[in-house]
Amino acid sequence: REVVDLVVDGSWRPVRLRIDTERHRLDLVADGDRLTGRRDDRPLDLEFGPNVELDYLSPCFNVVTATRLGRGAEIEVLYLEPFTCEPVQERQRYERQEGEEVDTPVGRFSAERWRYTSLWSGWSASFWLAGDVVVTYEGLFTLEEYEPGPRGPYPA
């Protein structure tokens, strides 16, 4: 089991991040053009300017990046390796595509389709974003439980 806790500000920029994979723990805070904190009880100080996105193997990072981009772009990313949280620099591409109706185990959503590509590895997949929720991610994730809260999105 993992804990991923990402806090963003009003412009969807990361403010604070905590990842606990049981074997590794990462705590970071945005401080100007840096992310500072600790990884496995060792100090960590990473470059992180306004033109760099943050990514980890969790759909919340796709929500933040897609929302900030709006349309699509090739971007510089500080990618945190799955489970170890080891930081690496990477280039990624996000492409916003057509809106679609998407069926999930919790209902049907009106969603925007996005195409994600890791330019380093060439791996690519689509994900569907309904408001601020990834409702499905090709080959990785499907929404199985959901409480929409006061602002939704709500299944159709």
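Reader: Is E100 buried, exposed or partly exposed, and what is its relative accessible area?
Author: Happy to start there, and keep in mind that this model is predicted. Buried means under 20% and exposed means over 50%. E100 falls in between, so it counts as partly exposed, with a relative accessible area of 31%.

Reader: Which residue forms a salt bridge with E100?
Author: Side chains of opposite charge can pair when their charged atoms come close. For E100, the closest N and O atoms of the pair are 3.5 Å apart, and the partner is R113.

Reader: How many residues apart in sequence are the parts that R113 and E100 tie together?
Author: Look at the strands. R113 lies in strand β9 (residues 107-118), while E100 lies in strand β8 (residues 87-104). The pair therefore ties together parts whose separation in sequence is 13 residues.

Reader: Where does S126 sit, and is it buried or exposed?
Author: S126 belongs to strand β10, which covers residues 124-130. Its relative accessibility is 0%, under the 20% limit, so S126 counts as buried.

Reader: With which side chain does the side chain of S126 make a polar contact of 2.9 Å?
Author: Beyond its neighbours within four places in sequence, S126 is in contact with several residues, including W114, Y137 and E138. The polar contact of 2.9 Å is with the side chain of R115.

Reader: Which side chain meets R115 in a salt bridge?
Author: The N to O distance in this salt bridge is 3.2 Å, and the partner of R115 is E138.

Reader: How many residues apart in sequence are the parts tied together by E138 and R115?
Author: R115 is in strand β9, whereas E138 is in the loop between β11 (133-137) and β12 (141-142). Because the two lie in these separate places, their pairing ties together parts with a sequence separation of 23 residues.

Reader: Which residues do salt bridges that share partners join into one network?
Author: The structure holds 14 salt bridges. Some of them share partners, and the network they form joins E74, E76, R91 and R93.

Reader: How many disulfides does a search of the whole structure find, and how far is the sulfur of C85 from the closest cysteine sulfur?
Author: A disulfide is a covalent bond between the sulfur atoms of two cysteines. The search of the whole structure finds zero. For C85, the closest cysteine sulfur is in C60, and a bond would need the sulfur atoms within 2.5 Å. The sulfur atoms are too far apart for a bond, because the distance is 12 Å.

How values were computed:
Residues are numbered from 1 along each chain as its sequence is written. This is a predicted model: local features need pLDDT of at least 70, side-chain atom pairs count only at pLDDT 80 or more; totals for chains, interfaces and linings use all residues. Side-chain values use heavy atoms; hydrogens and water are left out. Helices (H or I, at least four residues) and strands (E, at least two) are DSSP runs, numbered from the N terminus. Buried means under 20% relative accessible area, exposed over 50%, partly exposed in between (1.4 Å probe, protein chains only). A polar contact is a pair of N or O atoms within 3.5 Å; within protein, one must be able to donate a hydrogen and the other to accept it, and residues adjacent in sequence count only if both atoms are side-chain atoms. Contact means heavy atoms within 4.5 Å. A salt bridge is a side-chain nitrogen of Lys or Arg within 4 Å of a carboxyl oxygen of Asp or Glu.
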